[in-house]
Amino acid sequence: AREGAWELGSRYGNSSVVRDVVNMYQVYVMYTMNPDGLNYVWSTDNMWRKNRRLVSSEGSAEVYGVDLNRNYEFGWNYTCAGSTRMGSQTYRGPYPFSEAETQVMKAFQTDRRFAKVLDLHSYAREVRRNYGSCAGLPVQIAGLFEAHSKAFATLIGYQSARSCCTGGDISYAYHNNGGLSTLVETATSFQPPADEMEAEVIRVRPGNLYYLSIPVPVTGVIRSSGAPVSATVRIVNLDWTNHEEWPNRADGRYHLWVPPGTWQVDVTPDDTNTYKSKTVTIEVSDPKETLVVDVDLNE
């Protein structure tokens, strides 16, 4: 993540692709979402995975840590979610968003409604897509995600794979906010030597830039008489099994990840006493271009 931020800054002047990404999008880079766990990795146990909250202190045995990537709400208790055993390295916590770290990310995602989320982990040399095997998506959406995963993976010599689980940040990011969400398992070990680590960073860079450059298929602003309106969008002509629908941002902007085709989209305002719901037909033809479809609830 840190190297990705460096690349966007250092190559802005000599790469048109980097320049387009920086000029077109707001890009947020987070070095880690588990600072206490990372500190413990450096100071005590370099294979530690979870955070460092004390979760049990019965008798003389103290048990620490929740796996933050099993602590998100969507799919938290699905069959491919985290463990219910406190001592497990994939312990999911006592309830969704029980941890301060995931609460922060929930608030961040809710505020920003990210169009894309890219999460870098180790290890496996895989580019993983939504959802885990115990949660389904409409075939059209699953196919779109698979195509992007394969293109990313091919570019850097990795394998494309389905996510291992639910209850993580990428499943939450899509289910609750509608963003294209991908997890990259880098390298071939958790703690590679420094020279191998640097080589892997260089290897993954083109994939990161490809991902940031993918056009958002559909975006626009939901408003009435020029003012943004808080609303939820849902694609109605798809076979959803997890009730996916997505709120727009405070400025009215929404986004949709759909392949080429004709899509019926319900727009439901939060304030149904003032505004009426609306169904719009969206025709997506060119996957290399972003289609802008503004929705005026006053019309």
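So, to start: which residue in E15 is the bridge partner of Arg-223? It's Asp-296. Before I go on, the housekeeping. This is a predicted model, where local features need pLDDT of at least 70, side-chain atom pairs count only at pLDDT 80 or more, and totals for chains, interfaces and linings use all residues. Numbering starts from 1 along each chain as its sequence is written, and side-chain values use heavy atoms, with hydrogens and water left out.

Strands here are DSSP runs of E with at least two residues, numbered from the N terminus. Two of them pair if DSSP finds at least two bridges between them.

Our strand is E7, residues 218-224, and six of its seven residues are buried, meaning under 20% relative accessible area with a 1.4 Å probe, protein chains only.

Now the partners. With E15, residues 295-296, E7 pairs in the parallel sense over two bridges.

Then the antiparallel ones. E11, residues 253-256, pairs with E7 over four bridges, and Val-218 has Leu-256 as its bridge partner there. E8, residues 227-228, has two bridges to E7, with Ser-224 partnered by Ala-227.

And what do E7 and E8 form? A hairpin, with two residues between the strands. Have a look at Ser-225 in that turn: its phi is positive, about 50°.

Key: Buried < 20%, exposed > 50% of the residue type's maximum accessible area, 1.4 Å probe, protein only.
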